[in-house]
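Please read it alongside the structure.

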Amino acid sequence: MTLAQVWGSLVIFLVCPILGGLPLIDWITYGITGRQLAKLGTGNISVSAAFYHGGRLAGILAVLSEAAKGIIAVLLTRAFFPSNSVWEIIALIALVIGRYWMGKGAGTTNVVWGIVVHDAIAAFLVFLIGGISFTIFRNRVAGKFSVLVLMAVIIGLRNPSQPEYLLAASGLASLLAWIYQQIPDDLDLATAQGQTDSRAMFRFFRGDRNIISLDKKLDARKVGQKAANLSLLTRLGYPVPQGWVLPPGDDPASLIEFLQPFFTEPLVVRSSAIGEDTETASAAGQYLSVLNIASREALKTAIFDCQASYLQSAAVEYRRHRQQQDKSMAVLIQKQIKGVFAGVAFSRDPLAGFGDAVVIEALPGDTPQVVSGRVTPQRYQVIVPELRDSIEQDKQSLTITQEDSNSAAADIPAELLQSVALLVREMEELFQGVPQDLEWTYDGEKLWLLQVRPITTLQPIWTRKIAAEVIPGLIRPLTWSINQPLTCGVWGELFTLVLDKRARGLDFNQTAALHFSRAYFNATLLGQIFLRMGLPPESLEFLTRGEKFSKPPLKSTLRNIPGLWRLLQREWNLIKDFEGDRQKLFAPTLTELKVQPVTELSSEEILDRVEMILVVLERATYYSILAPLSLALRQAIFKVSETELDNSQTPEVESMRSLACLATDTRKLLTTEQITLDSSASLFAHIAENPEGESILKRFNQWLERYGYLSEVATDIAISRWQDNPRPVREMFTRFFFDREAAKQTQSSSTPQSIDWRTKFVQERLNLKGQVSKYYSQLLAHLRWSFLALAKHWLNSGLLTTTESIFLLDLPQIRRLVTDPNDELREQLPHLIAQRQEELEQNQQLTSVPYVVYGYPSPLSLLSAKSSLPKSSLLKGIGTSPGQIEGYIKVLLNFDAATNIDKQTIIVVPHTDAGWTPLLASAGGLIAEAGGRLSHGAIVAREYGIPAVMNIPHATELLKDGQRVRLDGKVGLVEILAE
């Protein structure tokens, strides 16, 4: 390469992008019409946009300006390189890049005229073959991509001995194809709204003669969600009546000519507006549907009437009320099915908002009778229990309830209702778990699917399957006012790290909410976030509980590679970052809290102490979320089982080992024969009477000082800690004292003898999780003790009647009461506390609290709901600790019921935390409603070698005290045995 060519390459890479980015089309259109293309239609600054918004003159001038750019780029290249060189194609690539990044256009016209100058013969062949193909087949999408392939192939064939031409042309074609995917197509705009003198051209290039059927893949942004959904279902093989779609603005003449309606084979015309049948707006009943169309003239009239209904005042007001933009309407035309029975079905009860009931409304005859509102349909409830892994759904297991009596619909077959129920629940699963409204008809032989759309009133979907493990049980206002912003804030930080600018518009404060005084995660929002991140919507369940992981969309994943890389960098540096924060933040803060007794502080000083803890707790929350996720991710990638890991550094295991050692040392001072009663009170009385017992009591108190921050629910500051109520650990100490084997087993719990590099890689994260848990739980314990100290001040002043009442206030209210002695809240406080206490007690009495709720159900609906718990002798959950045992059930809702627990006892609990460890060490097996393989209960169960099954919803209600069961902790099955 000569020096001139070096300079030429620099000119190409600098000048051509700038040339391509010049917004000449925008200037031309603005000069002629006074309109800015960037603010119109698709926002593209393109030749087609100039024709559409500016008319023929603006369009012609736009073509000339863009053609000139392509020609100039080629001629500029010839000033430095030989004619027809590959550098001319490279110059066009640089031109297109500038055209896209700066000029908001694809650069098609630039390339067309650039190729004409570069190789006129190749351009002629491409135009000839491509033009003939498009004229015949009239499919513009396939047409423009096939022309790109033709261009690369023909240029390559024209230069067979120089492969660089094929490579450059392929690069140019690939770049244009990629840009076509990134920007909207101006040809999708309604032809009727374009400039009059350019409509004919638009109709030609749109390929309006191409008949669009439901067999093709359709884009909801172009033909509406209704048509797109039916297209998807048709291609998946579901029984959808044959249909065709008329896109917005298309001339219906060719479609009317193609179809031949007759009175024996009538058609139905329905709307498919852009924005209709979405998760936020159904537009049910807003637009016209026309049935029994038996002639072409009637079809033409029906199409126009359907389109006109989009502009009716009621429809316009509906869109305005829901803040929807006025867009356009496609028309859906289908063969009409003569129904014997027809109706609608809801995959979830739209009134209750929870439960396993499918609601079906049906009548003999066609569907319009049901949806018209003029005839009262028969209403049924079909209970469809959730599918769990390999347990198959059987029609015979479905329970049908007829809600009222209607003689006109009394003959609807039960088998048909069961089929409809399974179909609508299948639609829910297909559309990412969103409850669906299904319109159906049955012709005597086949069940037809006419329409499927989301139930807008059942959004969002809330789940406590994970939340019940993170922060279980009834939650007081103070706990929630602290945990919710901390947790949602950290999730928002992590999601924003990946999504960057695409996180705009997401309200991370809605990640979690309280229903029935229980914590629920927003499954709808989390699913949307994970999809934006290029991950499946069930990613959180996969990481936290080992559930199935679907294949993520490749395009979205590739787009998020930079953000996912940033997150992986955080994960890689997690130990280093935590150690830095531990030395500079966590350890000094805990030291300061221990040095200054909270009982010696004033109310204002206690509030300052609380604010300090909250600042540090925000950072600790970050690690408490990311460390378990990091552990789960590494464990899944390197396929390391839980049994290969050493849990000795987790607080629950470490504390019990230390306590067992203390009990063993105590046994050396006292023999079990000296003590006639095996109660903790008796044991501690004998220790106190022993001359050397003082050292044992001192060591026990030191142990309690070290591990007293642990609790039944460490994340809930309203729950007492071991230091507040040491009875459970005193009883555990007593058991270790009398049961040598239990103490020995605890001290020598299974620890892997040797580990490979994979296990070591995962073990680092398990150890980190244990360290994080220690600091996080200690900070929460100090937060609890600070609020209790403040409550004692208020108790003495008469502001509160009990110290525990402070947990019925939220954090902003506590701040107001401390900082403003004259706040009117003080007068309202007794009524407010009484009201919240009553609400808490009402929610405590609720039975069968659902693990999934839809929308915003009220507690009253749950009180009046009938129980729909599955009646089965086989329950399926997540196996978290291998082994089998037959034993007797003991249901424990709290520690108060923890009596007479032995190795024949299989305890059933709502959740587990580190504070449950003393109880778990005594049992023969464990069943929990919530939790996964990394939960506290699972870790302790593996440590003691007892079988455990987690994640059996409503286990405390399904199983009864004294029942004999067989538990398999490897496969996650619980079998209720006959008496």
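## A nonpolar patch

Leu3, Val6, Trp7, Leu10, Leu14 and Val15 make a nonpolar surface patch of about 600 Å². Patches are made of residues with over 30% relative accessible area and no salt bridge, like charges being joined within 9 Å and nonpolar side chains (Val, Leu, Ile, Met, Phe, Trp, Tyr) within 5 Å; a salt bridge is a side-chain nitrogen of Lys or Arg within 4 Å of a carboxyl oxygen of Asp or Glu. Accessible areas come from the Shrake-Rupley method with a 1.4 Å probe, and for residues only the protein chains shown count as cover.

Leu3 belongs to helix H1 (residues 3-21), where helices (H or I, at least four residues) and strands (E, at least two) are DSSP runs numbered from the N terminus. With a relative accessible area of 61%, Leu3 is exposed; exposed means over 50%, buried under 20%, and partly exposed in between (1.4 Å probe, protein chains only).

## Basis of the model

This is a predicted model, in which local features need pLDDT of at least 70 and side-chain atom pairs count only at pLDDT 80 or more, whereas totals for chains, interfaces and linings use all residues. Residues are numbered from 1 along each chain as its sequence is written, and side-chain values use heavy atoms, with hydrogens and water left out.

## Two buried loop residues

Phe81 sits in the loop between helix H4 (56-78) and helix H5 (86-101) and is buried, its relative accessible area being 6%. Phe81 and Val6, a member of the patch, are 75 residues apart in sequence and 9.9 Å apart in space, C-alpha to C-alpha. Neighbours within four places in sequence aside, Phe81 is in contact (heavy atoms within 4.5 Å) with Gln5, Gly8, Ser9, Ile12 and Trp87.

Thr715, in the loop between helix H28 (693-707) and helix H29 (727-738), is likewise buried, with a relative accessible area of 12%. Beyond its neighbours within four places in sequence, Thr715 has contacts that include Val470, Thr479, Tyr776 and Asp913.

## A helix pair

The axes of helix H19 (residues 477-499) and helix H23 (residues 561-572) come within 6 Å and cross at roughly 130 degrees. Glu493, Leu494, Leu497 and Val498 in H19 meet Gly563, Leu564, Arg566, Leu567 and Arg570 in H23.

## The whole protein

The protein has 37 helices and 23 strands, and 54% of its 979 residues count as buried. Among contacts between residues at least 6 apart in sequence, 69% join residues at least 24 apart.

Key: Axes fitted to C-alpha atoms, helices over the stretch in contact; angles between N-to-C directions.
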